[in-house]
Amino acid sequence: MVGFPLLLIPLAIYNIVAWLMPTVSMADPLIRLNLVSGAEWTINLSDILLTIGLLLLLLEIVKGARQAKYLTDHLLSLIVFGAAAAEFVMWPKFGTSTFFLLALMAMVEFFGGIALRARRAAAPVAASRRASKQVDEPAPEPRFEPAPRAPAPAASTPSAAPVAESVLLDHPKPTPAQPAAAAEPSPTISSLELQPGAGSAASPEGPRP
């Protein structure tokens, strides 16, 4: 669907005022507003047309960024800009700063649409070039790094096992207690009886007087 050039609206309003209402001045105040600071702000027809033109230019840029315009849209924008520039140069009624700014907005809208179209057309080409470049480049070979070696133990620090063995060797082993020597048995009557000759010396009659 062919889009309508929105900047044609303020340009058409200016043409209507300039051709059909010659007594209306663009500089006559239409609205008076009292600001918080106490100053009085006067708004005339030129200010209203410029404000409408700026808003419509913003809308045209947003619309061109969201969706691609047809070639007919750019052709219509070029026609609007060419007609506004011709009126500004050729007719004394349009030789004002207000109409110049409106024509400048039409030019910005035209060249902005062309730039957006060119960038949108160049985006797939750049993406395809990047994809082909990534395919052509060989994949980097994997690099295997050796595993880090564990640090060797310090030679000056003795281990716990040799220290414990040296401590055990320094202390002598405990010796078991020796049992007390058995006392020699005293001669008893039974031992005397077992000695030879003891029975003949003793007589059962008793000692002689």
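Me: On a 1 Å grid over the protein atoms alone, a cavity is a set of points where a 1.4 Å probe fits but cannot get out, and its lining residues have an atom within 4 Å of a point. Which residues line the largest cavity here?

Reply: They are Gly64, Lys69, His74, Gly113, Leu116, Arg117 and Arg120. Just remember that this is a predicted model, where local features need pLDDT of at least 70, side-chain atom pairs count only at pLDDT 80 or more, and totals for chains, interfaces and linings use all residues. Also, residues are numbered from 1 along each chain as its sequence is written, and side-chain values use heavy atoms, leaving out hydrogens and water.

Me: How many cavities of 30 Å³ or more does the count come to?

Reply: One. The largest cavity holds about 30 Å³ of space, a volume being the space filled by probe spheres set on the points.

Me: Which helix gives the most to that lining?

Reply: Helix H4, residues 97-136, gives four residues. A helix here is a DSSP run (H or I) of at least four residues, a strand (E) one of at least two, numbered from the N terminus. The chain has seven helices and two strands, in the order α-β-β-α-α-α-α-α-α from the N terminus on.

Me: How does the lining divide into nonpolar, polar and charged residues?

Reply: There are one nonpolar, three polar and three charged residues. Lys and Arg count as charged, Leu as nonpolar, and Gly as polar.

Me: Why is Ala115 called partly exposed?

Reply: Buried means under 20% relative accessible area, exposed over 50%, and partly exposed in between (1.4 Å probe, protein chains only). Ala115 has 47%, so it is partly exposed. Ala115 sits in helix H4, and its C-alpha atom is 10.0 Å from that of Gly64, 51 residues apart along the chain. Across the chain, buried residues make up 19% of the 209 residues.

Me: What makes the nonpolar surface patch?

Reply: Ile16, Trp19, Leu20, Met21, Val24, Val89, Met90 and Trp91 make it, with about 850 Å². Helix H1 (8-20) and helix H3 (71-90) each give two or more residues to the patch, and H1 has the largest share, three. Such a patch joins nonpolar side chains within 5 Å, from residues with over 30% relative accessible area and no salt bridge (a side-chain nitrogen of Lys or Arg within 4 Å of a carboxyl oxygen of Asp or Glu).

Definitions and conventions
1 Å grid on protein atoms, 1.4 Å probe; cavity = no way out; pocket = protein on both sides within 12 Å on 5 of 7 lines; lining within 4 Å. Patch = residues over 30% accessible without salt bridge, like charges linked within 9 Å, V, L, I, M, F, W, Y side chains within 5 Å. Areas by Shrake-Rupley, 256 points an atom, 1.4 Å probe, with all protein chains shown as cover.
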